[in-house]
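Here are my notes on this model, written as numbered points so that you can go through them with the structure open. I hope they are of some use.

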Amino acid sequence: MTDPAIPLPVPVPSGVAAVGVGTWAWGNQFLWGYDPAQDAELAACFRRAVDLGLTVFDTADSYGTGRFGGRSESLLGGFVEALPPDRRGALTVATKLAPFPWRLGRRGFERAFEASRRRLRGHLDRVQLHWSTARYAPWQEAALLEGLADLVEQGRVGSLGVSNLGPRRLRLVHGRLARRGLRLSSLQVQLSLLAPDALAAEGVAPVCRELGIELLAYSPLALGLLSRPPGEGQALPPGPRGLLFRRLQPRIQPLLQTMERIACAHNAPMAAVAINWCRAHGALPLVGLRRVDQAEAAAAATSWCLDDGERRDLDRVAQRCDGRMPANPFQSG
Ligand SMILES: NC(=O)c1ccc[n+]([C@@H]2O[C@H](COP(=O)([O-])OP(=O)(O)OC[C@H]3O[C@@H](n4cnc5c(N)ncnc54)[C@H](OP(=O)(O)O)[C@@H]3O)[C@@H](O)[C@H]2O)c1
């Protein structure tokens with residue numbers, strides 16, 4: 001049953017992507033303040049997202065710190081398992097394996113892969129390399145990727161993706177897989193109005209288009225900064241997010257004002273504008289969700305699209321914006 005107050009997803013026009021769900025916060029204490037007392041709300045958030053038609057879920061074996069290691073995968077696996085079997089089939093569950101320094105060689109991900117699959121209770125459709133080791137151990141990455149490709153070839157997982165690769169490395173990996181007759185399904189990179197570099201002429205987006213690789217936008221709300229209305233009087237989130245918000249918020253007011261104008265025109269929340277800007281650029285936003293109302297807002301964003309003028313206005317203000325999200329240090333060239 002869906003709530004009649006929430007608009008249903010409309011058919012997605014060609015070139016406009018759907019919306020996926022990110023689960024980094026489901027276990028991470030340091031940045032997101034995870035506590036097991038949140039699990040019931042996370043379960044409700046998951047169920048609401050699925051009921052409203054969101055089908056792509058992204059997790060990682062490193063989401064969950066300290067004693068909560070692998071927690072995001074465990075929670076997601078349990079939530080998927082609790083769905084009626086006919087509804088599970090509609091979902092795409094993707095995890096990312098971390099190329100830690102001790103994971104070496106073609107079989108370096110073997111145990112990690114099996115552990116993730118166990119935590120996810122077998123509900124695993126795509127495996128992704130979490131980040132590139134090109135900057136500090138360039139020899140490590142190729143063997144690990146060959147191992148992930150082996151998993152696909154052996155039918156142990158359906159598809160293969162990468163994350164935090166730049167355009168040069170992306171072409172290399174795509175070419176290597178193609179020589180084995182395998183497809184590189186997706187690339188996920190940081191992409192938002194405060195991190196638009198992937199869309200530049202020399203960025204990864206044109207390479208993805210050319211090679212038929214799905215582009216996934218992570219942190220599309222800039223950790224929540226882009227879901228807050230303009231103005232600086234609001235309470236800051238605790239911890240390192242608060243420090244980031246304090247630094248960037250004063251610099252991004254013109255962007256937030258443009259977003260608010262567009263949000264009002266569509267009777268939509270700010271978050272929907274940030275989400276739909278990614279979709280308008282052909283990227284599938286992975287929105288970090290942990291509450292039912294956030295799932296509803298993300299799903300409702302799929303009921304409308306930015307028009308060309310709105311997209312161009314946002315592009316222009318984002319280009320001129322004085323604040324930028326920190327780049328991922330493990331992003332390769
Ligand atoms: N490959 C990688 O290296 C990598 C890196 C980062 C992220 N990711 C993936 O991308 C996903 C999303 O990125 P992210 O979690 O960094 O951040 P994000 O999606 O940019 O922001 C998520 C935060 O925005 C706030 N939010 C969400 N919906 C909202 C709404 N409707 N209204 C107001 N606020 C809303 C929430 O904060 P509050 O709950 O505090 O309100 C939420 O936790 C991750 O979960 C992960 O799956 C991948």
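1. Val273, Trp277 and Ala280 of helix 10 meet Arg311, Leu314 and Asp315 of helix 12, where contact means heavy atoms within 4.5 Å. Helices here are DSSP runs (H or I, at least four residues), strands are runs of E with at least two, and both are numbered from the N terminus. The axes of helix 10 and helix 12 come within 11 Å and cross at roughly 100 degrees. That makes helix 10 roughly perpendicular to helix 12. Axes are lines fitted to C-alpha atoms, for helices over the stretch in contact, and angles run from 0 to 180 degrees between N-to-C directions. Angles under 35 degrees count as roughly parallel, over 145 as roughly antiparallel, 65 to 115 as roughly perpendicular and the rest as oblique. By class, the contact of helix 10 with helix 12 has four nonpolar, no polar and two charged residues. In this scheme Ala, Val, Leu, Ile, Met, Phe, Trp, Tyr, Cys and Pro are nonpolar, Asp, Glu, Lys and Arg are charged, and the others, Gly among them, are polar.

2. A word on the basis of all this: the model is predicted, with local features needing pLDDT of at least 70 and side-chain atom pairs counting only at pLDDT 80 or more, while totals for chains, interfaces and linings use all residues. Residues are numbered from 1 along each chain as its sequence is written, and side-chain values use heavy atoms, with hydrogens and water left out.

3. Please look next at His281, in the loop between helix 10 (270-280) and strand 8 (284-288). His281 counts as buried, at 19% relative accessibility; the cut-offs are under 20% relative accessible area for buried, over 50% for exposed and in between for partly exposed (1.4 Å probe, protein chains only). Not counting residues up to four places away in sequence, His281 touches Leu199, Arg311 and Asp315. Asp315 belongs to helix 12 (residues 308-320) and, neighbours within four places aside, is in contact with Trp277 and His281.

4. Leu199 lies in the loop between strand 6 (186-190) and helix 7. With 23% relative accessibility, Leu199 counts as partly exposed. Leu199 and His281 are 82 residues apart in sequence and 7.9 Å apart in space, C-alpha to C-alpha. Leaving out residues up to four places away in sequence, Leu199 touches Leu191, Ala205, Trp277 and His281.

5. How do helix 6 and helix 7 pack, and at what angle? Helix 6 (residues 167-179) and helix 7 (residues 204-211) have their axes 9 Å apart, at an angle of about 20 degrees. That makes helix 6 roughly parallel to helix 7. Pro167, Leu170, Arg171 and His174 of helix 6 make the contact with Val204, Val207, Cys208, Glu210 and Leu211 of helix 7. By class, this contact of helix 6 with helix 7 has six nonpolar, one polar and two charged residues.

6. Helix 1 (residues 39-51) and helix 11 (residues 292-301) have axes that come within 8 Å and cross at roughly 20 degrees. That makes helix 1 roughly parallel to helix 11. In helix 1, Glu41, Ala44, Cys45, Arg48 and Ala49 meet Val292, Ala295 and Glu296 in helix 11. The contact of helix 1 with helix 11 has, by class, five nonpolar, no polar and three charged residues.

7. For the aromatic side chains, the structure holds ten aromatic pairs. Rings of Phe, Tyr and Trp (its six-membered ring) pair if their centres lie within 6.5 Å, and planes under 30 degrees apart count as stacked, over 60 as edge-to-face and the rest as tilted. Tyr34 and Phe68 have ring centres 5.1 Å apart and planes at 85 degrees, so the pair is edge-to-face. Tyr34 and Phe68 are both buried. Ring pairs also link Phe100, Trp102, Trp131, Tyr136 and Phe330 into a cluster.

8. My last point is helix 4 (residues 110-119), whose buried residues are Glu110, Ala112, Phe113, Ala115 and Ser116. What covers these buried residues of helix 4 includes helix 2, strand 3 (92-97), strand 4 (126-129) and helix 5 (138-153). Just after helix 4, Arg121 takes a positive phi of about 55 degrees.
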